[in-house]
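Have the sequence and the 3D view open as you read.

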Amino acid sequence: MTDSSLPPPGRDSLTDDLLWRGLIQDSTGLDELRELLDGGKSTTYYVGFDPTAQSLHVGSLMQVTTARRLQLAGHRPLLLVGGATGQIGDPKESAERTLNPPEVIAGWVERIREQLAPFVSYTGDNAAQLVNNLDWTGEMSVVEFLRDVGKHFPVNKMLAREVVRARLETGISFTEFSYQLLQANDFFELHRRHDCQLQFGGSDQWGNITAGVDYVRRRGAGPVQAFTTPLVTKADGTKFGKTEGGAVWLDPTLTSPYAFYQFWLNVDDREVDRYLRYFSFRTREELEELAKATAERPAARLAQRALAEELTSLVHGPEETRQAIAASQALFGRGSLDELAAETLRAALTEAGLVRLSGDLPDVAGLLRDSGLVGGLKEARRVIAEGGAYVNNNRVTEVDAQVSPADLLHGRYLVLRRGKRSFAGVELGE
């Protein structure tokens, strides 16, 4: 890559670094993988993303950052967005997927392509390329698909897939059953068109990935290699995803940069070191030093802050990260609220609890009550009298104090705080 702003890989060989970070769960062979990744030549590799929603989510970051990591080491990425496979959907163990209209999927393809674009470089000898499997799958007739692709897949092996076995009693359509063939054909087409030698993906894709490796061999075009990364899980063992509830999206219109920053800032202490190894581009020495500093000062949450800052900058850019950090500090009285952009301020207050009011503004006691910071007016007046009430980080000491339109941030917001850590927001509407 030619972008000098991108960090160098760690001290070890690429394969050793991936292993140390825990990024290789399964592989077609570590010796073969070392030859491709550490042999001194640039290898073309691919990773795929199906547009089954309008945005990628934090679970997708594993594949995105791994793709970036390989490119930084000199290899050439093909980022595939599944305009064809996204219309089918990989089988779920629970039930048949709902098929989205082709025009909806086409729109999601473009959105995801835009999201992927900033993570890799499109210049230099190992310039990245975005590809869409609809380009070759859409041209194929049913007869061609059955003759050229289907004949290479023994049905007994396909039935042995765990997800297929789980669906046999409740039923699985031929549509979802055939997904594996489409993904396998992607590897063959990318090998044929771009000399792609390597595929990686999440560990839940291992069956599909090895089917593609085998299919390329059966077509007389191999050998090719593959590996999987572990699924990104929370402290309770559940995975990040679109259907697990509370998804954290990469699209800033679905999850604000402030909320994204706060998500990583609040990562469980048990998980932060693992996430740093997965996602950070700091060297091994830097991560080990950070882990030591965090252990010595756990209350400072140095690891979480490093993780939140690095990932928010990677996904949303340094300015949005600066705003998110400034908002975190300002809401607790350690910075200026006036310097926050309206979008950042609203996002931060929404996370805390934003109350929308219309008409005349109540007094400060009424605002504290309406925002939920106190249980009633009597408690609100007591908090004010004791010096524990703040409006826009300014202490209020008069129990009958009022606010004026001039106090409104960006003409519509107020930040209320009780004590040091409890705060809420008010938005004045029409």
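## A covered strand and some salt bridges

Strand S5 (residues 198-202) is mostly covered, with 5 of its 5 residues buried. Buried here means under 20% relative accessible area, exposed means over 50%, and partly exposed is in between (1.4 Å probe, protein chains only). Strands are DSSP runs of E with at least two residues, helices are runs of H or I with at least four, and both are numbered from the N terminus.

This is a predicted model: local features need pLDDT of at least 70, side-chain atom pairs count only at pLDDT 80 or more, and totals for chains, interfaces and linings use all residues. Residues are numbered from 1 along each chain as its sequence is written, and side-chain values use heavy atoms, leaving out hydrogens and water.

So who sits beside S5? Strands count as paired if DSSP finds at least two bridges between them. S5 runs parallel to strand S6 (residues 225-229), joined by 5 bridges, and parallel to strand S2 (residues 44-49), joined by 2 bridges.

Now for the charges. A salt bridge puts a side-chain nitrogen of Lys or Arg within 4 Å of a carboxyl oxygen of Asp or Glu, and the count comes to 21. Here are some of them:

| Pair | N to O distance |
|---|---|
| arginine 369 and aspartate 370 | 3.0 Å |
| arginine 418 and glutamate 379 | 3.0 Å |
| arginine 412 and glutamate 427 | 3.0 Å |

Arginine 412 is partly exposed at 29% relative accessibility, whereas glutamate 427 is buried at 4%. Salt bridges with shared partners join Arg346, Arg356, Arg412 and Glu427 into one network.
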